[in-house]
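Let us read a protein model together.

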Amino acid sequence: MAEARRVRAAELFGQGRSGVEIARMLGASEESVRRWKRVWEEGGADGLRRRPATGRPPKLDDAQVERVRTALEQGAQAHGFEADLWTLERVGLVVERVTGVVLSRASVWRLLTGRLGWSLQRPERRAVERDESEIARWIAHKRPRIRKGR
């Protein structure tokens with residue numbers, strides 16, 4: 001939407017409209033319109049278009065990310081881990097095996113949450129010996145007797 005306003009401003013510059021008039025028409029500040037006009041005069045309407053983010057490109061391309069997704073969806077045990085639980089270290093090892101790229105823990109986190117859309121999930125802490133039927137029986141029979149004795 002911001003790019004569309006800047007491009008519209010470029011059209012209005014071409015028509016010879018004043019900066020004040022353009023600012024009012026587009027709901028922008030006069031200062032922004034002056035800045036857009038300088039950019040427009042130097043580079044034309046293309047100068048006002050959105051540019052891709054600068055910075056270092058990601059270490060994994062889209063195809064590699066999809067291979068990692070497929071590998072992770074197989075589960076941790078499929079990759080030789082004892083429990084079917086993913087940790088940043090384990091995911092990092094799988095990324096290295098699948099793509100040959102070594103990622104830091106922070107980069108693994110960004111991969112999981114940003115590019116794969118995963119979220120933090122903590123396993124429930126429950127005793128292995130837990131017996132749901134015994135718990136239900138206790139709640140139904142013994143607990144009411146205990147509460148009556150108050």
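Contact means heavy atoms within 4.5 Å. This is a predicted model, in which local features need pLDDT of at least 70, side-chain atom pairs count only at pLDDT 80 or more, and totals for chains, interfaces and linings use all residues. Residues are numbered from 1 along each chain as its sequence is written, and side-chain values use heavy atoms, with hydrogens and water left out.

Q: Which residues does His79 touch, not counting residues up to four places away in sequence?
A: His79 sits in the loop between helix 4 (62-73) and helix 5 (88-99). Helices here are DSSP runs (H or I, at least four residues), numbered from the N terminus. Neighbours up to four places away in sequence are not counted, and His79 then touches Ala71, Gln74, Trp86, Val94 and Arg97.

Q: Why does His79 count as buried?
A: Buried means under 20% relative accessible area, exposed over 50%, and partly exposed in between (1.4 Å probe, protein chains only). His79 counts as buried because its relative accessibility is 18%.  Its side chain also reaches a backbone oxygen at 2.8 Å, that of Ala71. The value that decides burial for His79 is 18%.

Q: Which side chain makes a polar contact with the side chain of Arg69?
A: Arg69 is in helix 4. A polar contact is a pair of N or O atoms within 3.5 Å; within protein, one must be able to donate a hydrogen and the other to accept it, and residues adjacent in sequence count only if both atoms are side-chain atoms. At 3.2 Å, the partner of the Arg69 side chain is that of Glu66.

Q: Is Leu116 buried or exposed?
A: Leu116 lies in the loop between helix 6 (105-115) and helix 7 (132-148). Beyond its neighbours within four places in sequence, Leu116 is in contact with Val65, Arg69, Leu72 and Leu111. Its relative accessibility is 7%, so Leu116 counts as buried.

Q: How many residues does the largest nonpolar core have?
A: In soluble globular proteins, nonpolar side chains tend to be buried together. A nonpolar core is a set of buried Ala, Val, Leu, Ile, Met, Phe, Trp, Tyr and Cys residues joined through side-chain atoms within 4.5 Å. Those with the most contacts inside the largest one are Leu60, Leu72, Val95, Leu103, Leu111 and Leu112, and the core has 17 residues.

Q: How many residues are in the second, separate core?
A: This core includes Ala10, Ile22, Ala23 and Leu48. Ala23 is found in helix 2 (residues 19-26). Ala23 is buried, with a relative accessible area of 5%. The second core has 11 residues.

Q: How far apart in space are Ala23 and Thr99, C-alpha to C-alpha?
A: In sequence, Ala23 and Thr99 are 76 residues apart. In space, C-alpha to C-alpha, the distance between them is 51 Å.

Q: Which helix gives the largest share of the lining of the largest pocket?
A: Helix 5 and helix 6 each supply at least two residues of this lining. The largest share is 3 residues, and it comes from helix 6.
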